[in-house]
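Here is a brisk report on a multi-chain model. Keep the sequence and the 3D view open while reading.

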Amino acid sequence: MTTVESNRDAGRARVLIVDDSSLVRLYYRETLEGAGFEVEQAINGIEAMEKVLAEPFDLIVVDVNMPRMDGLSFIRALRSSPSPVAAVPTLVITTEASSQDREDARAAGANFYLVKPVSDADLRRHVACLTGTSR
Amino acid sequence: MAPPEVQRTRAIHVTQEDVRRLCEFLYRRTGMSFDDNKRYYIDRRLAERITATASNSFQSYFATLRSDAEHEIEHLVNAFTVNETYFYREDHQLRCMVSNLLDDILRRKTTGESIRIWSIPCSTGEEPYSIAMWLMENWSEVDKYNIEIVGSDIDTRALKAAADGVYGTRALMRLPRHVIERYFGRIDGNQVRIDPGLRDSVQFTRVNLIDARDMALYRDFDIVFCRNVLIYFDDASRRIAAENLYDCLRPGGYICLGHSETMSRISTLFRVCRFPDAIVYQRPEADHDDS
Amino acid sequence: MPFVRREIATTPVVSKAPDRSLETHLAGLSSTDSEARWSAARALGGRADAVAALAEALATEQVPRVREAIMTAVMRVGNEASVLALLPYLRSQDAGLRATAIEALQALPDAIAPFMPKLLADNDADVRLLAAELVRNMPAKDATRILCDLLQNEQAANVCAAAIDVLAEVGTRDAVPVLQACAARFRDTPFLPFAISTTIARISNTEG
């Protein structure tokens with residue numbers, strides 16, 4: 001994907017963290033910045049869309065339960081945006097654990113799904129894998 | 001309130017953790033974020049506000065802020081921003097209007113239909129006059145269409161000043177010389193008056209954004225500039241105002257917020273649109289609604 | 001200059017006409033036209049006598065912006081009936097509905113206060129998790145007490161995480177012992193030790 005390649009040429013892969021919990025965002029940010037990623041944040045799906053339209057990202061990490069615009073609504077809106085934005089991979093990390101929840105996320109256009117709480121090691125590993133960075 | 005001497009000698013201790021808490025709250029509530037190299041700036045403004053509210057601790061100030069007592073959120077945010085109003089403020093949105101929004105709006109227009117632009121709140125009129133001047137100076141199609149510009153505010157004194165069209169020379173600071181010469185006449189060393197033709201081009205009205213009946217008179221606008229007011233409303237008022245503005249826009253019409261504002265803290269009714277010069281928000285076009 | 005003026009009446013002519021009746025607006029709520037339902041919901045905003053009808057309309061409304069308008073209308077009443085109308089959506093399978101309901105309920109901290117004990121003791125962890133978020137707009141002392149009660153016995157890690165996140169904003173140092181106990185309970189769980197130590201650092205100097 002050209003976006004990923006050009007970002008890696010520039011140095012660091014860019015990850016957008018979308019979660020309404022400030023502690024979750026802080027945790028992911030410290031974990032990922034420590035692993036060499038460039039990190040931005042958003043508090044709900046609308047802010048996420050603003051960020052995604054403004055700057056390129058290699059991966060979006062999305063919570064589901066957020067006030068005003070939830071994560072699945074955001075992913076649906078993302079997938080119907082103009083490319084290359086529409087093609088940005090999304091990793092859903094959520095409290096919702098049932099197979100129906102997983103299926104709903106897949107149907108919305110999510111690429112990958114993890115259940116909270118996620119360890120820093122698992123987060124690093126998944127993000128590295130999904131951004132194609134070898135760490 | 002404590003006498004000034006007591007205020008001066010009482011040093012309110014604010015920790016780094018307190019500042020982090022404050023920044024988290026502000027970010028969640030308004031969308032404004034402060035990276036670490038702006039934190040020193042916050043310390044000073046925070047100290048000002050703690051004094052101004054006669055708070056005797058960070059905690060009591062934070063409680064005031066969280067409950068937005070006496071519009072404290074607005075006071076704090078205003079302490080961070082330059083509050084002067086002047087012509088051609090946030091001109092990136094005016095550029096966006098000419099470069100992108102008008103073309104899209106015209107695609108949907110029938111012949112003879114006016115282009116309607118609304119500045120609300122318009123305060124003392126700099127914004128609607130700026131819109132008018134910008135269009136005349138920068139839009140090659142400006143003479144081909146009828147354009148209505150309306151400026152509205154809840155403050156009748158501001159509206160009167162807007163209709164009078166008299167400004168201090170400081171308000172001209174962003175205007176190129178030829179624009180000043182074209183649209184302003186000097187009154188004396190410190191004051192100018194806006195050209196009467198331009199002044200009469202803008203209609204000024206009193207409107208309360210939250211009053212659905214006030215707002216019901218305003219329909220079919222193509223662009224609304226609604227800057228630096230929605231974010232300060234309480235939860236209920238923000239939603240009501242957003243719904244009112246939705247109804248005031250034509251399907252496909254655009255709304256522009258203030259520089260530090262975001263619809264993510266206000267409403268889901270509008271689509272985010274990214275253009276080279278600005279992020280603006282759009283009422284969905286008619287056929288995108290499911291009936 | 002290309003500018004034209006269409007004189008807009010500054011005294012609303014509309015208000016001189018009699019208010020359309022409650023019945024008219026209620027009928028509009030069940031129109032097949034979404035625009036009519038939208039207008040009806042908005043016109044009924046803040047009317048306590050319309051809450052039941054609005055709640056009923058909400059149950060079958062599919063158009064997102066009409067759903068939101070109905071929830072806004074209900075929220076504007078802001079009484080117990082409003083809260084009862086919105087609460088069921090915390091259990092919805094639809095994330096979007098949950099998001100809108102939470103947002104509306106967050107605006108009603110006083111009305112929702114009597115419901116909190118029951119919500120925070122709900123059998124469904126997902127409901128307890130969302131309920132913790134509703135405590136955020138309460139005064140610091142009340143919020144701290146309520147969340148400490150929850151954390152004393154809460155076994156679900158994600159519910160604890162939600163409560164801790166709210167405490168990071170509103171908590172006083174009275175919460176520290178409970179948080180420390182929580183850290184011990186969840187010492188092997190990802191994220192929680194980080195969340196707790198961050199929160200303790202934030203609130204340690206905050207008096208109750």
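## Chain B: overall build

In chain B, 73% of the contacts with a separation of 6 or more come from residues 24 or more positions apart. The model is predicted. Chain B holds twelve helices and ten strands. Of its 291 residues, 40% count as buried.

The C-alpha atoms of chain B fill a box of roughly 65 × 60 × 35 Å along the principal axes. Its radius of gyration is 21 Å. A compact globule of 291 residues would have a value near 19 Å, and chain B agrees with that.

## Confidence in chain B

The average pLDDT of chain B is 92. A score of at least 70 is reached by 95% of the residues. Residues 5–9 of chain B are an exception to that level, with pLDDT below 50. Beyond near neighbours in sequence, this stretch has two contacts in the model. Where pLDDT is low, the predicted coordinates should not be read in detail.

## An open sheet in chain B

Three strands of chain B form an open sheet, in the order β3-β5-β4. The pairing is antiparallel. The edges are β3 (166–168) and β4 (184–186) of chain B, and each pairs on one side only. Neighbouring strands of this sheet are turned by 35 degrees against each other on average, direction ignored.

Take the β4–β5 pair of chain B in detail. β4(B) and β5(B), the latter covering residues 191–194, pair in the antiparallel sense over three bridges. Which residue of β5(B) is the bridge partner of F184(B)? The partner is I194(B).

## A positive phi in chain B

A54(B) is not a glycine, yet its phi is positive, at about 55 degrees. The residue sits in the loop between α3 (39–52) and α4 of chain B.

## Chain C: all helices

Chain C has 13 helices and zero strands. Along the sequence, the pattern of chain C reads α-α-α-α-α-α-α-α-α-α-α-α-α. Chain C is more spread out than a compact globule, because its radius of gyration is 22 Å, well over the 17 Å that the globule rule gives for 208 residues.

The C-alpha atoms of chain C fill a box of roughly 65 × 45 × 30 Å, taken along the principal axes. Buried residues make up 51% of the 208 residues in this chain. For chain C, 65% of the contacts with a separation of 6 or more join residues 24 or more positions apart.

## Where chain B meets chain C

How many residues does each chain bring to this contact? Chain B gives 40 residues and chain C gives 32 residues. Several elements of chain B give two or more residues to this side. Among them are the helices α2 (16–30), α4 (58–66), α7 (126–138) and α12 (235–248) of chain B. Strands are also included, with β2 (147–153) and β6 (202–206) of chain B.

By class, the side of chain B that touches chain C has 16 nonpolar, ten polar and 14 charged residues.

## Where chain A meets chain B

This contact takes eleven residues from chain A and ten residues from chain B. Which helix of chain A gives the most to the side that touches chain B? Helix α3 (residues 45–54) of chain A does, with six residues. The chain A side divides into six nonpolar, two polar and three charged residues.

## Backbone details in chain A

A cis peptide bond joins S83(A) and P84(A), with omega about 5 degrees. P84(A) has its place in the loop between α4 (71–79) and β4 (90–94) of chain A. Another cis peptide bond joins K116(A) and P117(A), with omega about -5 degrees. P117(A) lies in the loop between β5 (112–115) and α6 (120–130) of chain A.

R68(A) has a phi near 75 degrees, a positive value in a residue other than glycine. R68(A) belongs to the loop between β3 (59–62) and α4 of chain A. Why does R68(A) count as buried? R68(A) counts as buried because 24 C-beta neighbours lie inside 10 Å, and the cut-off is 20 or more.

Definitions and conventions
Residues are numbered from 1 along each chain as its sequence is written. Chains are lettered from A and ligands numbered from 1 in the order in which they are written. This is a predicted model: local features need pLDDT of at least 70, side-chain atom pairs count only at pLDDT 80 or more; totals for chains, interfaces and linings use all residues. Helices (H or I, at least four residues) and strands (E, at least two) are DSSP runs, numbered from the N terminus. The radius of gyration is taken over C-alpha atoms; the globule rule is 2.2 Å times the number of residues to the power 0.38. A residue is buried if 20 or more other C-beta atoms lie within 10 Å of its own, exposed if 12 or fewer, and partly exposed in between; C-beta atoms are placed from the backbone. Two residues are in contact if their C-beta atoms, placed from the backbone, lie within 7 Å. Ala, Val, Leu, Ile, Met, Phe, Trp, Tyr, Cys and Pro count as nonpolar, Asp, Glu, Lys and Arg as charged, and the others, Gly among them, as polar. Two strands pair if DSSP finds at least two bridges between them. Axes are lines fitted to C-alpha atoms, for helices over the stretch in contact, and angles run from 0 to 180 degrees between N-to-C directions. pLDDT is the predictor's confidence in each residue, from 0 to 100.
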